[in-house]
Amino acid sequence: RYYEFTSPDNEHKIVVNESSFFLSWGDIYEKRSVCTLKKIGDYTADDGFTPLEHDQYYITWTDTGFELHYSFSGYSYDEYEVVIMEYPE
């Protein structure tokens with residue numbers, strides 16, 4: 001599944017491709033145009049749990065990038081993992 005997010009100032013768009021098999025993972029891209037993406041990061045989660053699909057994430061936007069906070073396993077006691085990304089030049 002692909003998920004697209006836009007920064008509050010509408011200056012940046014990111015796209016996350018989330019997949020799972022035994023584990024799950026997400027590839028994070030910066031959307032550079034209507035038809036081009038640049039991979040800028042990734043994440044993993046446990047036991048095939050897909051945090052974006054299950055709405056167990058949030059994004060904090062900054063002037064220079066963003067932070068993707070996500071649940072690693074989906075359990076209520078789970079502390080969120082954080083991927084800190086800076087926008088590429």
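## A walk from the rings to the salt bridges

Let's start with an aromatic cluster made up of Trp61, Phe66 and Tyr87. Rings of Phe, Tyr and Trp (its six-membered ring) are paired here if their centres lie within 6.5 Å, with planes under 30 degrees apart called stacked, over 60 edge-to-face and the rest tilted. This is a predicted model, in which local features need pLDDT of at least 70 and side-chain atom pairs count only at pLDDT 80 or more, while totals for chains, interfaces and linings use all residues. Residues are numbered from 1 along each chain as its sequence is written, and side-chain values use heavy atoms, leaving out hydrogens and water.

Across the whole structure there are six aromatic pairs. In the pair of phenylalanine 5 and tyrosine 57, the ring centres are 5.6 Å apart and the planes stand at 65 degrees, so the arrangement is edge-to-face. Strands are DSSP runs (E, at least two residues), numbered from the N terminus. Phenylalanine 5 is buried at 15% relative accessible area, whereas tyrosine 57 is partly exposed at 22%. Buried means under 20% relative accessible area, exposed over 50%, and partly exposed in between (1.4 Å probe, protein chains only).

Phe5 also leads us to the largest nonpolar core, which has 16 residues; Phe5, Ile28, Tyr43, Phe66, Leu68 and Val83 are those with the most contacts inside it. Such a core is a set of buried Ala, Val, Leu, Ile, Met, Phe, Trp, Tyr and Cys residues joined through side-chain atoms within 4.5 Å. At least two of its residues come from each of β1 (2-6), β2 (13-20), β4 (37-45), β6 (65-71) and β7 (80-86). Beyond its neighbours within four places in sequence, leucine 68 is in contact (heavy atoms within 4.5 Å) with Ile28, Tyr43, Tyr57, Tyr58, Ile59, Glu81, Val82 and Val83.

Now look along strand β2, where you will find valine 16, buried with a relative accessible area of 2%. Not counting residues up to four places away in sequence, valine 16 touches partners including Arg1, Phe5, Ile28, Tyr43 and Leu52. The C-alpha atoms of valine 16 and leucine 52 are 8.8 Å apart, although 36 residues separate the two in sequence.

Threonine 50 sits in the loop between β4 and β5 and is buried, with a relative accessible area of 5%. Leaving out residues up to four places away in sequence, threonine 50 touches Glu18, Ser19, Ser20 and Ser24.

Finally, the charged side chains: the structure holds five salt bridges, each a side-chain nitrogen of Lys or Arg within 4 Å of a carboxyl oxygen of Asp or Glu. One of them joins arginine 1 and glutamate 53, with the closest N and O atoms 3.3 Å apart. Arginine 1 lies in the segment before β1 and glutamate 53 in the loop between β4 and β5, so this pair ties together parts 52 residues apart in sequence. Arginine 1 is exposed at 58% relative accessible area, while glutamate 53 is partly exposed at 41%. Another salt bridge connects glutamate 30 and arginine 32 (3.2 Å, N to O); glutamate 30 is buried at 8% and arginine 32 is partly exposed at 42%. Lysine 39 and aspartate 42 form a salt bridge too, their closest N and O atoms being 3.8 Å apart. Through shared partners, salt bridges join Asp27, Lys39 and Asp42 into one network.

Note on methods:
Helix = DSSP H or I, 4+ residues; strand = E, 2+ residues; numbered from the N terminus.
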